[in-house]
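Open the model in your viewer and keep the sequence panel beside it.

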Amino acid sequence: MKQLGKYRKLVGIVLGALAAGAGVWLAVYYRSGPPAPETAPGTGPLVSIQRPVLRHNEGDRLAWQIRLKQIQITQGSGVLSAQGIQEALIYGSSGQPLVRVTAQKVTGRAGGSDFSVTGKVTVVSYQGVVISTDTVQWNQSQGQIVCPSTITARSREAMFSTTGMTYDLKGSTLLAPNQVNLYSGQNKIIGKGLNYNLTTGNFALDSIQIIFNAQEAQQMLGGKATP
């Protein structure tokens, strides 16, 4: 019983330190399982907290929150990692959620406002875009979701795939500097340097190649046969 009390006290001390540091990555509640064994500095998790909710505020506004199954805090590193994300919600200035993220793992740093998620990541936006990838980084100060690896995305009007994309929530745009395969209806457009405005549905793309569906192309040409 004394040992159990020791670890419960340790959890309280660590969470209190995080809250005092910057008010981010704060576990609001938890259900503690068996106490995690204490390890040498830098060799493993110091504490393990079950089913926490992490929150970050910008002033008095809730900026994001993440519901988890478990979080591990490693002594001395300031890095927090958690497995089993139930959901991460990113909020706008109005207090309404703008983006919902699911993934297998989240990492961040105590005192920081950014986080990264990895493993079967799905991003669903209020603007009607769904992004599937394996790594996403949230940049709080710039209001951007950065997808550094291969992604597929679909909006109300189109679907596309590329490698490396930024979703700018402030500008309501998808930016992809590399080659993009964009599909609209039965047509395929290949280009580079995508700038896609999610509010208007307009997009700009450089070095364009267009591959038309033969039937649609014939209709567009007034019934004339295509070469």
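**Stop one: Asp168**

Select Asp168 in this predicted model: the residue is buried yet forms no salt bridge, and the nearest side chain of opposite charge, that of Lys170, is 6.9 Å away. A salt bridge would need a Lys or Arg side-chain nitrogen within 4 Å of a carboxyl oxygen.

Which backbone atoms lie by the side chain of Asp168 instead? Show the backbone nitrogen of Lys170, which is 3.0 Å from a polar atom of the Asp168 side chain. Next, show the backbone nitrogen of Gly171, 3.1 Å from a polar atom of that side chain.

**Stop two: around Asp168**

Colour residues 159-168 to see strand 11, in which Asp168 is found.

**Stop three: the whole chain**

Zoom out and switch to cartoon: the protein chain has 2 helices and 14 strands. Of its 227 residues, 39% count as buried. Among contacts between residues at least 6 apart in sequence, 38% join residues at least 24 apart.

**Stop four: confidence**

Colour by pLDDT: the chain averages 76, and 68% of the residues score at least 70. Select residues 2-43, where pLDDT stays under 50 and the model has 71 contacts beyond four places in sequence. Finish at residues 223-227, also below 50, with 5 contacts beyond near neighbours in sequence. Where pLDDT is low, predicted coordinates should not be read in detail.

Definitions and conventions
Residues numbered from 1 in each chain as written. Predicted model: local features only at pLDDT ≥ 70, side-chain atom pairs only at ≥ 80, totals over all residues. Heavy atoms only, no water. Helix = DSSP H or I, 4+ residues; strand = E, 2+ residues; numbered from the N terminus. Buried < 20%, exposed > 50% of the residue type's maximum accessible area, 1.4 Å probe, protein only. Contact = heavy atoms within 4.5 Å. pLDDT = per-residue confidence, 0-100. Lys, Arg positive; Asp, Glu negative; His and termini not counted. Polar contact = N/O pair within 3.5 Å; in protein donor to acceptor, adjacent residues only side chain to side chain.
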